[in-house]
Amino acid sequence: MAFRRGFKSQCERRSVEFRRNLGLQPADALSADKLAEHLGVTVWSVSDVAGLAPEDQKVLTDHSDDSWAAMTMRIATDDLVIYKPVQSPGRRNNVVMHELAHIVLGHELADACMLEDGSLVPGNFSQDQEDEADWLAGTLLLPRPALLAIRERRLSDTDACSAYLVSRDMLNWRIRMTGVDYQLSRRRA
């Protein structure tokens, strides 16, 4: 996807700004829960939703169904992020941060529709909004200063994922997309 001019730089600035507002340094880890609290967004697991029929809870927590991982609901003026509780801590942090990115970017919330097989699908899906939320979420989790710190401190991928509460896929994607390894190799040359 081609983002609008300046979008990626704006994401980096927002990531650093949120950290500063939370008393963190640009290279510090930022959890989705901490950002949600700062934004006044409630985050629940499906298992936190009271009154769900057991068969509905089973459908919404099905390990084999990858039609959804998290969603945002707006109740009056409040935002609520609900996530599937069957994910690793890094994946959970990523999917919640993705939903927070939609909120930060002011995206229109998708209408969720449940198919006969129990899969959730958005009724008004926007690939552009999904791509923007992916990029901002990745930047919020692993901004350029954090990636440089990871490489300069020679953290293993496992240690970096643990320290920043991200999946290995997210770490590799951000390193590849930002060109940090290339930047550092040119610095050393």
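**Core and rings of a predicted model**

Visitor: Which residues touch the most other members of the largest nonpolar core?

Guide: The largest nonpolar core holds 44 residues. Such a core is a set of buried Ala, Val, Leu, Ile, Met, Phe, Trp, Tyr and Cys residues joined through side-chain atoms within 4.5 Å; buried means under 20% relative accessible area, exposed over 50%, and partly exposed in between (1.4 Å probe, protein chains only). The members that touch the most others are Met97, Leu100, Leu142, Val166 and Leu171.

Visitor: Which helix gives the most to this core?

Guide: Helices (H or I, at least four residues) and strands (E, at least two) are DSSP runs, numbered from the N terminus. With 7 residues, the helix that gives the most is α4 (residues 89-104).

Visitor: Which residues is leucine 100 in contact with, leaving aside neighbours within four places in sequence?

Guide: Contact means heavy atoms within 4.5 Å. Once neighbours within four places in sequence are left aside, leucine 100 is in contact with Ala32, Leu35, Ala36, Leu39, Val41 and Val81.

Visitor: Which element has the lowest mean pLDDT?

Guide: The highest mean, 98, belongs to helix α2 (residues 32-39). The lowest, 58, belongs to residues 120-122, strand β5.

Visitor: How many aromatic pairs does the structure hold?

Guide: Rings of Phe, Tyr and Trp (its six-membered ring) pair if their centres lie within 6.5 Å; planes under 30 degrees apart count as stacked, over 60 as edge-to-face and the rest as tilted. By this rule the number of aromatic pairs is 3.

Visitor: Are phenylalanine 3 and phenylalanine 7 stacked or edge-to-face?

Guide: Phenylalanine 3 is buried at 19% relative accessible area, and phenylalanine 7 is buried at 1%. Their ring centres are 4.9 Å apart and their planes stand at 25°, so the pair is stacked.

Visitor: The charged end of which residue sits over the ring of tryptophan 135?

Guide: A charge sits over a ring if NZ of Lys or CZ of Arg is within 6 Å of the ring centre and within 35 degrees of the ring normal. Over tryptophan 135, 5.6 Å from the ring centre, sits the charged end of arginine 174.

Visitor: Is alanine 76 buried or exposed?

Guide: Alanine 76 lies in the loop between β2 (70-75) and β3 (78-83). Its phi is near 60°, a positive value in a residue other than glycine. At 72% relative accessibility, alanine 76 counts as exposed.

Key. Residues numbered from 1 in each chain as written. Predicted model: local features only at pLDDT ≥ 70, side-chain atom pairs only at ≥ 80, totals over all residues. Heavy atoms only, no water. pLDDT = per-residue confidence, 0-100.
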